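Subject: Structure handover and findings

Dear colleague,

Please find the structure below, followed by an account of what was found in it. I would be grateful if you would read the two side by side.

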Amino acid sequence: MTRPSERGFAIVGKNERKVDGVGLVTGRSKFVADLLLPDTLHVKILGSPHAHARIVDIDTTEAEALGGVACVLTHKNTPTTRHTTAGQGYPEPSPYDVRMFDMKVRFVGDRVAAVAAGSEEIALEALKRIRVVYEELPAVLSIDDALRDGAPVVHDEKDSTGIYDAPRNIVADVDIDVGDVVKGFEESDAVVEVVCETQYAQHTPIEPHVVLAYLDSDERLVLRTSTQVPFHVRRIVAQTLDLPLHRIRVIKPRVGGGFGAKQEVLVEDIAGLVALRTGRPALLELTRAEEFIAARTRHPMRIRVKLGAMEDGRLHAIEMEAFSNTGAYGAHGLTVLANTGSKTLPLYNKAENAHFFGRAIYTNLPVSGAYRGYGATQGYFPLETGMDELAEKLSIDPIELRRRNHIRLGETSPIFEKLGEGREGVPQTVKSCELERCIGIGAERIGWSEKRGKRVREGPWVHGVGMSIMMQGSGIPGIDMAAATIKMNEDGSFNLLIGATDIGTGSDTILAQMAAEVLGVPLSKIIVTSSDTDITPFDVGAYASSTTYVSGTAVVRAAEKVREQILSVAAPLLNSTSEGLTLSEEAVKTPDGQRVGLDRVCQRAMYESDQFQIAATASFVPSESPPPFLANFAEVAVDTGTGRVEVLHYVAAVDCGVAVHPKLAEGQMEGSIVNGIGYALTEEMLISSRGRVRNPSLFDYKILGALDVPRIDVVLVDSYEPTGPMGAKSVGEIGINGPIPTIANAIHDAVGIRLRQTPFTPERVLAAMHAS
Amino acid sequence: MKLSLTINGVPRSVTADDAGETLLTILRREGYSGVKKGCGAGDCGACAVLLNGRAVNSCLVLAAKADGAEIITVEGLAMGGRLHPLQEAFLDEGAVQCGYCTPGMLMSAIDLLTRNPDPNEHEIREAISGNLCRCTGYAKQIRAIQIAAKRMRDGGDD
């Protein structure tokens, strides 16, 4: 494999400064809440105190009478269209089970009313003056509760659509078969079965959900919002508020993190309606507590995995059965569930027999949604701890077992075709896979052969090492569309207009790098404008590990079209034909060394002869979703006295194709791993017996700080994806899947216990040690 | 309530609407929007500013308590159009992802380097331990602070 520079790239593969970096380090970049307009109203939401109740009556008279209150919204005076908050492609694979405000509340924190007032204080005071009479209903507070015969029905309304079996609280159902697993297990020499459960966890972007809605001079509704999906926001708000789509403009400024939480339309409808009703700008910013209580979470799941293998370690049958808790609404219910199988099972394509069965279940608990990893994170816990157990049972080294079974270059898996994004997938073969090298590099870095099975003691601490491997995807094939427009200016610079949505991921930078590479200019000559539905072409947004691969290909295609136009304009200037001309160093060059500057080329096109705007738009819909691959290794120490687990060293060797910007790619990996370690060890939303989130703050919900983070080595293993833009594939999500199984396997190596419930708190570790 | 503050070297007279108003609210209202709000409870550090030279969470400081104080916000770091060495290092090292925690992290780092020009890695981790970042794994910020510290010791102009 060659490095990017050896492939002749001038800008791709270089650690350029982020195109939005200076504004961010100087504080000049304007996030949503940083740019208020005169006379802005502040909007506050009244959340339900009950997990499940009917609203018998709401009296807003006193709230409306309070000085400074401009508008009070409830189910009595707002549109009733059922829709989904999930910002997905249309038609969304999530049920239409949400109203803007409903006559029934389905979780603690569910919307009851909203107040817009001249100040936050007045709005909060007005909320207290809203009188609500509730009829409490029996609540469904676990997956088991929901599935019981005669369980209360979370969605008993008549007008919801797209629910698999509403009377039985089943949002979605997935069931696919390859071969015959029953026979497969009978034929297997060794079988292991594990059941794992994962917790409620929150994304906690440091910037909460926030939107500023206002009417422009033509009375069009402008939503300046912190979102991952500006075009989906426009469509869903149009649908919810029954507005023509062309009356809405969505602008995404800088966004303070998303991680899936902002792939939802949670605030834009309310602020938009306030602006329409009052004619005044409206700011709606969730508090940190509201983020925990009423935004979105990772689907808690209970997953059973059964693995059957022959004596030589070759997998013969895999079965995965997942129950996923979507909470009170079904946003992303089907697709997260499907991904739990589709992003995990193809990894072990040697198994001739496979079965995936899953159900997504409604409860009266916080609403789940998209979260980095998107179901794969949950699925890899039982799969990769199960593989560890299988290795133990067969007395094969865990690395060796995986080597005998993982998918390789040129291979396929029937799962790719059978299971896609909530529907059938697409057949594909793997065209880049450096997983073997990832495993080898990781094993060496962690010191696998020296440390595995040694159980070194230091006082009460016992050391262990563990590993896991995984894959993800790059976008949603056949569904995700991205487009890019590039136009040229007469100084030889270019405007790059992209719907792609930079939420801190660095996509503005890497997409500009790709354009600069094709157009032969430095990064400074690419002016990026992204994510404004009035200005930029369509893009589904930042999710499904799609931006680098899908949006990147659109950018490369647009740049190639522009390059052709440039060469055709330059040819007469060089007394040549387009054939044989090349573009580099801001000039068009002939094979014999003549050159003409790009500024000159554009001046000719604009002012001199056969004038036209050098510009092009290109779109891309992928026909496949090339997986990135990852090998994780961790060394942990377990305090046998207290049950405390310390991660001492974490190694992640990843094949993400060509890293367009290595430091940003490393940053994606480091950030997702740290989030994953928190998910494995400390992060857990605690929920009371009445369905209330008990720890809705960053003090009580522990995400890792700089003192909590171990040494993490990220290795970007050289690779080249032939279908990708400049050889790239995705890197945004995969890292978060690693820590749970890797740490669980390392804990087992240290103290011999198998943990089945995340997070691995000292209490759970001690309990497991006492039980064994 | 009238308050006199020196913000980024400029004396300012500002008005607090009520006695409970925080320094964060006042600074943002006065246009220092680089000071971010992430939690309003002192848990995340996004609102950190220098108050008489020390990094504090401005959401926990009553504005009235800051009367007469010198405040430095992220907007006060770049001098005469030149970025502060910490800002340069954050850009060079890829330490900025979404950038929402960056202003607070920079203020904690400046506090540290003012007191300790040659901090070891643990001291850096301690100094930024109150600044939560969800995008990065802190490694690149730590590296950036090390590099900036070295550049400043080696005859930087700061």
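Helices (H or I, at least four residues) and strands (E, at least two) are DSSP runs, numbered from the N terminus. On that basis, the order of elements along the sequence of chain B is β-β-α-β-β-β-α-α-α-α, that is, five helices and five strands.

The model is a predicted one, in which local features need pLDDT of at least 70 and side-chain atom pairs count only at pLDDT 80 or more, while totals for chains, interfaces and linings use all residues. Residues are numbered from 1 along each chain as its sequence is written, and chains are lettered from A and ligands numbered from 1 in the order in which they are written.

**The two chains**

The radius of gyration is taken over C-alpha atoms, and the globule rule is 2.2 Å times the number of residues to the power 0.38. For the 158 residues of chain B, a compact globule would have a value near 15 Å, and the 15 Å of chain B agrees. The C-alpha atoms of chain B fill a box of roughly 45 × 30 × 25 Å along the principal axes.

A residue is buried if 20 or more other C-beta atoms lie within 10 Å of its own, exposed if 12 or fewer, and partly exposed in between, with C-beta atoms placed from the backbone. Buried residues make up 57% of the 158 residues in chain B and 63% of the 772 residues in chain A.

**The contact between the chains**

Two residues are in contact if their C-beta atoms, placed from the backbone, lie within 7 Å. The contact between the chains takes 43 residues from chain A and 39 residues from chain B. On the side of chain A that touches chain B, α1 (21-26) and α18 (662-681) each supply at least two residues. The most comes from α18(A), with eight residues. By class, this side of chain A has 18 nonpolar, 16 polar and nine charged residues; Ala, Val, Leu, Ile, Met, Phe, Trp, Tyr, Cys and Pro count as nonpolar, Asp, Glu, Lys and Arg as charged, and the others, Gly among them, as polar.

In α18(A), 19 of the 20 residues are buried.

Helix α7 (residues 268-278) of chain A is mostly covered, with eight of its eleven residues buried; among them are Ile270(A), Leu273(A) and Val274(A). Just after α7(A), Gly279(A) takes a positive phi of about 75°.

Ala295(A) is found in the loop between α8 (288-294) and β14 (297-298) of chain A. Ala295(A) counts as buried because it has 24 C-beta neighbours inside 10 Å. Leaving aside neighbours within four places in sequence, Ala295(A) is in contact with His209(A), Ala261(A), Leu266(A), Leu286(A) and Glu290(A).

Yours sincerely
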